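User: Hey, can you walk me through this one? I'd like the overall picture first, then a closer look at one spot.

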Amino acid sequence: MSGLMTRRTMLAGGGASLLAAPWVARAEANTLRIGMQSILSGPIALLGTSSRNALMMEQDRINAAGGFLGRPIEFVFRDSKGQPQEAARIARELVNSTGCELLIDAEASSASFAVQEVVRDLGSIACIHTNSETSSLTADPKIRAPTAFRVARQGVHDAVAGSIYLAEYANAKKLNKWATCSPDYAYGRDTTAQYLQFFKQFKPDVELITEAWPKLGQPDFTEVITKLIQAKPQALFTLLYAGDLSAFVNQGNVYALFAQMTVATPNVDYPVLAAIKNLPAGIQSATRYLETFPNTPANKEWGQAYLKKWNDRPTNWSWQNSLAMQFYEQAIKQANSLDAKALAAALTGMKVNTPFGADGTITMRDDHTTIGYAIGWGQTTPKEPFIVDVKTADWGKIIELETEWKKQQKYI
Amino acid sequence: MDLDALGACLTTSACVVTQATSGLIVGMLLFLVAAGVTLIFGVLKIVNFAHGTFYMLGGYVAYSALAATDSYTLAVLAGALSMALFGVLFERALISRVYGSNVLMQLLICYAVVLIFDDLVKIVWGPEFHAMGMPLAFQVPPLFIAGGVVPPFYAVLIGIAALIAIVLGLGLSMTRLGKTVRAAAINPQMVSALGVNTTLLFAIVFAVGGGLAGLAGALAAPVRSLSPGMGFSILIESFIVTVIGGMGSIAGALVSALLIGMVRGFGTIAFPKFTDGLIYIVMIAVLLVRPQGLFGRRS
């Protein structure tokens with residue numbers, strides 16, 4: 001009897017499905033799929049998960065406001081584990097097989113360059129890189145792709161802002177002997193070089209006495225830490241981030257590393273600060289994302305909304321992804337189309353009002369990268385607000401020195 | 001390449017002590033994992049590609065146990081014992097079905113276990129990294145020996161690992177069980193024909209191997225980030241250790257783990273941009289001179 005019921009139920013269900021199928025298909029066809037790929041597992045999964053969280057909030061907000069061109073939006077999330085070949089495959093699959101009409105590339109730089117080439121090859125899809133900070137991705141005209149944009153902080157911007165702050169700090173504290181410890185891939189190498197270049201410009205007597213290049217996701221930093229201790233620098237600059245930074249700090253604490261040298265990093269995010277059990281005070285740190293910087297009601301409201309929804313604090317990657325959707329939203333309205341070339345034309349030079357701007361706005365420059373986002377440097381404290389005494393960076397100076405750097409690199 | 005820096009380091013006791021301690025801690029934790037790999041291979045001729053999963057789960061179990069009990073000792077015991085039990089279940093439920101099968105079948109089963117447990121860890125503990133934090137008892141300043149820095153926590157870890165190496169070595173050479181395990185490694189059919197319960201023996205081997213990997217994961221948890229998939233990198237290094245030491249040799253695993261640790265410790269000073277590459281060069285050099293590994297038997 002039960003078997004008969006099962007068959008009947010199945011037949012009824014199947015019939016209903018057949019009848020409903022065209023409607024379902026139509027509803028699905030109307031939905032605008034946006035592909036998002038990132039690192040969603042491993043020691044730096046925080047990059048991907050905090051990006052995804054922000055995008056899901058944007059999905060709710062945009063759909064509540066009527067979607068894009070009257071169509072509800074839906075994200076398709078994929079985990080590339082940060083592997084370039086996997087990232088390239090996923091980007092193609094998202095467009096060709098999954099039917100995504102827009103892309104959010106939330107990869108770290110290791111994979112973003114691979115995605116960039118896929119976007120260039122496809123030619124017919126708009127893509128916003130939301131997490132790659134390696135400057136050459138958009139600064140180098142040979143690498144820049146016509147329909148790909150970066151809505152993220154950029155290494156060279158941070159390098160100028162950070163170098164000015166750190167040079168002042170180093171002069172005040174008489175810190176001349178420095179060491180570096182950064183992840184061994186494009187972002188770590190390029191951005192460390194940029195920091196050093198500008199740092200030497202502002203503080204010519206600085207001396208780099210040792211450097212360490214641990215692998216991304218390396219479980220043990222002991223030999224790196226002991227090497228740094230042996231070299232006896234007065235200060236250490238590091239671009240480690242997420243789980244790597246947490247492990248480095250925990251292992252550094254074992255050696256009392258932070259009592260032996262000043263540490264400076266632009267990569268301290270809220271959840272990392274919260275996850276590090278014994279956060280040393282006085283690390284010189286960029287703000288990445290802070291609810292209190294810029295200290296505006298809109299910024300505080302966004303940070304609190306994120307915290308309420310996810311029971312966790314947003315990261316730098318969260319605001320960048322949220323901002324990317326603001327850019328898409330405004331560009332689609334302006335272009336009244338999803339056509340990649342039309343969107344590219346609309347995005348170029350676009351200015352959006354946003355809580356994350358230094359003056360409440362952020363601009364997409366004609367070299368496909370954003371300027372005007374909030375950059376500040378201060379020092380860590382073990383309790384909230386985690387970073388205090390924040391000094392705001394001067395965007396005029398950043399752009400002036402970025403232009404010089406671009407000329408040196410023969411990008412312009 | 002900075003050979004001057006290495007020369008300067010080797011002539012100062014402070015640098016030698018600090019870097020040697022660094023090499024010892026990396027090497028000893030690696031030994032705990034690699035000992036299981038080599039023991040299982042030696043006895044069962046199974047290359048356990050899922051061994052990194054034991055290390056990862058040991059760390060996560062210890063993390064949760066610490067949160068529940070507030071005792072690091074209990075957390076470490078929980079990590080080690082749970083993985084010993086998991087080793088038995090893994091062997092009985094899966095590996096025992098592929099003894100003597102094609103190595104690809106064994107690889108497939110191990111890889112499936114890796115993927116399944118990476119995803120389960122994501123579901124249970126979340127995809128982001130976790131940090132256990134240093135136990136209160138070890139939140140003390142480092143010791144200074146001959147001018148070198150030696151963290152008390154690492155000194156204890158090295159001591160525990162060294163003790164286990166001694167117990168394992170003596171256990172295999174002096175006890176009846178150890179002798180049986182060694183006999184099974186050479187001729188399992190004969191051991192079985194003599195009436196030894198090889199089913200139990202194989203399960204014990206997996207329990208010891210799994211327990212050691214779980215212990216390493218739990219011991220390292222206060223200083224290393226916990227994240228899904230973290231077993232992979234240690235697995236690769238464990239295989240390098242096993243190959244250099246000689247497949248199936250515990251003494252070889254110890255010597256080669258310490259060798260890798262020292263290459264890391266001192267290599268990072270001389271070759272800061274090529275430390276990982278250096279390990280593979282050591283492996284190639286050893287295999288060119290002794291293809292069976294340092295302590296391996298020629299087949």
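This is a predicted model: local features need pLDDT of at least 70, side-chain atom pairs count only at pLDDT 80 or more; totals for chains, interfaces and linings use all residues.

User: What share of the residues in chain A is buried?

Analyst: Of its 412 residues, 59% are buried.

User: OK, and how many helices and strands does chain A have?

Analyst: There are 15 helices and 15 strands in chain A. Its radius of gyration is 23 Å, close to the 22 Å that the globule rule gives for 412 residues, so chain A is as compact as a globular protein of that length.

User: What box do the C-alpha atoms fill?

Analyst: Roughly 80 × 55 × 40 Å for chain A, taken along the principal axes.

User: And which share of the contacts in chain A with a separation of 6 or more comes from residues 24 or more positions apart?

Analyst: Those pairs account for 68% of them.

User: Switching to charges: how many positive and negative side chains are in chain A?

Analyst: Chain A carries 41 positive and 39 negative ones, and the centres of the two sets lie 2 Å apart.

User: Now chain B. Where is Ser256(B)?

Analyst: In helix H11 of chain B, which covers residues 250-270.

User: Buried or exposed?

Analyst: Ser256(B) is buried, because its relative accessible area is 0%, and the cut-off for buried is under 20%.

User: What is Ser256(B) in contact with, leaving aside neighbours within four places in sequence?

Analyst: Ser256(B) then has contacts with Val241(B), Ile244(B) and Gly245(B).

Definitions and conventions
Residues are numbered from 1 along each chain as its sequence is written. Chains are lettered from A and ligands numbered from 1 in the order in which they are written. Side-chain values use heavy atoms; hydrogens and water are left out. Helices (H or I, at least four residues) and strands (E, at least two) are DSSP runs, numbered from the N terminus. Buried means under 20% relative accessible area, exposed over 50%, partly exposed in between (1.4 Å probe, protein chains only). Contact means heavy atoms within 4.5 Å. The radius of gyration is taken over C-alpha atoms; the globule rule is 2.2 Å times the number of residues to the power 0.38. Lys and Arg count as positive and Asp and Glu as negative; His and the chain ends are not counted. The place of a charge is taken as NZ of Lys, CZ of Arg, CG of Asp or CD of Glu.
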